[in-house]
Amino acid sequence: MIVFDLCCSAGDHRFEAWFASSESFADQQARGLIACPVCGDDDVRKAVMAPRVGAKSNRQASAAPAPVPAETPNAPVPEAIRAALAAIASKQAEMLPRSRWVGRDFAAAARAMHEGRAPEDMIHGQTSPEEAQALHDDGIAAIPLLVPFVPPDAVN
Ligand SMILES: [Zn+2]
């Protein structure tokens, strides 16, 4: 059984009615068999409310509706964020093959290039937050890899 919150068009009265199924409601609605208990109007539609599915037909009238959490932790990742992450992942995948892995020498290598002691190159490697901050303070561009990356020397 499904209970629908219905609404008449004549007086906008809201009431509940039970149906065997959604189809049953649609059928009875189409044949004008559902009438508003307040004014008798048979032009009845679903009120803007989700239907509740009850296990028993003798549902307690005083049953409180289940609270709806504002945000569930397992909520799907919004499409925009997923698209942005996919774009970052694809950009990274595109750049890494042209980039030279320098491992833990990243800060030193980046600094050498910045100071003209090494040829300009695209590199990636590992650095500590302190080193990354120092590079940034010296105006050396370094961006963190946003997608988990396995260093080549960690691959067997
Ligand atoms: Zn009515």
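## Ground rules

Numbering starts from 1 along each chain as its sequence is written. Since the model is predicted, local features need pLDDT of at least 70 and side-chain atom pairs count only at pLDDT 80 or more, while totals for chains, interfaces and linings use all residues.

## Overall layout

The protein has 4 helices and 6 strands, taken as DSSP runs numbered from the N terminus (helices: H or I, at least four residues; strands: E, at least two). Reading from the N terminus, the order is β-β-α-β-β-α-β-α-β-α.

Of the contacts with a separation of 6 or more, 53% link residues 24 or more positions apart; a contact here is two C-beta atoms, placed from the backbone, within 7 Å.

Strand S5 (residues 100-103) pairs with strand S6 (residues 123-125) in the parallel sense, over 3 bridges; pairing takes at least two DSSP bridges. Trp101 sits opposite His124 in S6.

## Core and loop

Buried residues are 8% of the 156 in the protein (buried: 20 or more other C-beta atoms within 10 Å; exposed: 12 or fewer; partly exposed: in between; C-beta atoms placed from the backbone). The largest nonpolar core holds 7 residues: Phe4, Leu6, Cys8, Phe25, Ile34, Cys36 and Val44. Strand S1 (residues 2-8) gives the largest share, 3 residues. Such a core joins buried Ala, Val, Leu, Ile, Met, Phe, Trp, Tyr and Cys residues through C-beta atoms within 7 Å.

Asp12 lies in the loop between S1 and strand S2 (14-19). Its phi is positive, near 55 degrees, in a residue other than glycine. Asp12 is exposed, because 12 other C-beta atoms lie within 10 Å.
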